[in-house]
Amino acid sequence: MTVSLKKLRKTFGDGTVAVNDIDLEIEHGEFITLLGPSGCGKTTTLRLIAGLEEPTSGEVYIDGRKVNDVDPGDRDIAMVFQSYALYPHMTALENMTLNLTVAGMTKEQAKEKATETARTLGLEELLDKKPGKLSGGQRQRVALGRAMVRDPVCYLMDEPLSNLDLKLRELMRTELKRIHQQQKVTTVYVTHDQAEALILSDRVTVMHKGEIQQVGNPMEVYEHPANEFVAEFIGSPSINLLKGEVRSGSILVDGVVIDKSQPAMADGSITLGIRPEDVILVTGESDGLMGKIEFTEPQGGIVHAFVKIEQDEKILKNRDHLVVSVDVHESITIGASVGIQFRSERVNYFDHESGVSLTASRL
Ligand code: ADP
Ligand code: MG
């Protein structure tokens, strides 16, 4: 099923513009996420697709048909929420079959269907249990199963894993991905967790203040963010933003030439976006940028080094330290002076005022 949003807008009674004229084309069978900070309009967008909210203006199309006036129940869509809202007095099986029997299936048919789905989700042993006897993860599986038994042509999922602890979230993430690869049912998935979005999605839609900032596959939004907002929101630890200057096609940071290959750029101020893994620390004195490693955060295979840039404290736009990912086997010493180099081919450049990417066009 395809979903198409055209200039879709939702303003609430108090004047809040939750969704601000967004356009989005969701392709058949894709797993697309709506990613952004709390309050950016993800849930409202999902509810507009489901028909649970009426647009203030704009249109929702499902398979090319305008559905603004179609009831939620007639949209063939299954929703899965963060709070799984299972009926406590019913068993897992009854929770899963309820919608089927209401829709006219016989009890036997519904049971057969639910048992098959339960097998996919590893729930066979638990079908006789009531929600109170299930763990959080098991309950969320039942909720997922309840959506799956209906063979929907589209899933809308609103932060379905955010109530689970980290390990379980990772397991369920893998599970969701596997199910999607098997079934290829169009899925719109809402999350504020950028790592989850990158792992699950065919395409990521980054939202901010009711507007879409960028739509792209995980690699595009990570490597070629459309603006500083996307650059900072995606990736952990977040990207380093530095003040720079363009002079005759060269990029300089604090007077040091970083990149000589930007003949198309106009002279003036510029912002550089450099991911922690694209900084190289070299030992000993150098005539380039210098810094001091002030502290480190071990992450297992890698270490994040926090480097205070020596020359000019105000080079960094978004924090006090340059964050650098270093292999755990490289020796780094807290307090050491280091030379700082950048992988210039990986640097993103942004307009220093608007924050819009000047390089995303090299895609
Ligand atoms: P998200 O899911 O990204 O956290 P929401 O779509 O829930 O964001 O909300 C977007 C904005 O709309 C927020 O500012 C929120 O407070 C507001 N909002 C959401 N629902 C309502 C409502 N029923 N009435 C008034 N404002 C709302
Ligand atoms: Mg929400």
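Biologist: In which sense do β12 and strand β13 pair, and over how many bridges?

Modeller: Two strands are read as a pair if at least two bridges are found between them. In this predicted model, β12 and β13 (residues 256–259) are antiparallel partners over 3 bridges. One of the bridges can be followed residue by residue: Ile251 has Asp259 in β13 as its partner.

Biologist: What lies between the two strands of that hairpin?

Modeller: The hairpin of β12 and β13 has 2 residues between the strands, and Asp254 takes a positive phi near 50°.

Biologist: Are the residues on the faces of β12 buried or exposed?

Modeller: A residue is called buried when its relative accessible area is under 20%. For strand β12 (residues 250–253), Ser250 and Leu252 on one side are buried, and so are Ile251 and Val253 on the other.

Biologist: Why is strand β3 described as largely enclosed by the rest of the structure?

Modeller: The reasoning is a count: 5 of the 5 residues of β3 (residues 31–35) are buried, so the strand is largely enclosed by the rest of the structure. Phe31, Thr33 and Leu35 point one way, while Ile32 and Leu34 point the other way.

Biologist: Which strands pair with β3?

Modeller: Strand β8 (residues 186–191) runs parallel to β3, with 5 bridges joining them, and Ile32 is opposite Val188 in β8. Strand β9 (residues 203–208) also pairs with β3 in the parallel sense, over 4 bridges; here Thr33 faces Val204.

Biologist: Turning to the ligand, which residues surround ligand 1?

Modeller: Among them are Phe12, Thr16, Pro37, Gly39, Cys40, Lys42 and Thr44. By type, the shell divides into 4 nonpolar, 6 polar and 1 charged residues. Helix α1 (residues 42–50) gives the largest share of the shell, 3 residues.

Biologist: How far are oxygen atoms of ligand 1 from polar atoms of Gly39, Cys40 and Thr44?

Modeller: A backbone N or O atom of Gly39 lies 2.6 Å from a ligand oxygen, and a polar backbone atom of Cys40 is 3.2 Å from one. For Thr44, an N or O atom of the side chain is 2.5 Å from an oxygen atom of ligand 1. Of the 560 Å² of accessible area that ligand 1 has on its own, the protein covers 61%.

Definitions and conventions
Residues numbered from 1 in each chain as written. Chains lettered and ligands numbered in written order. Predicted model: local features only at pLDDT ≥ 70, side-chain atom pairs only at ≥ 80, totals over all residues. Heavy atoms only, no water. Near = heavy atom within 4 Å. Polar contact = N/O pair within 3.5 Å; in protein donor to acceptor, adjacent residues only side chain to side chain. Areas by Shrake-Rupley, 256 points an atom, 1.4 Å probe, with all protein chains shown as cover. Nonpolar A, V, L, I, M, F, W, Y, C, P; charged D, E, K, R; others polar. Buried < 20%, exposed > 50% of the residue type's maximum accessible area, 1.4 Å probe, protein only.
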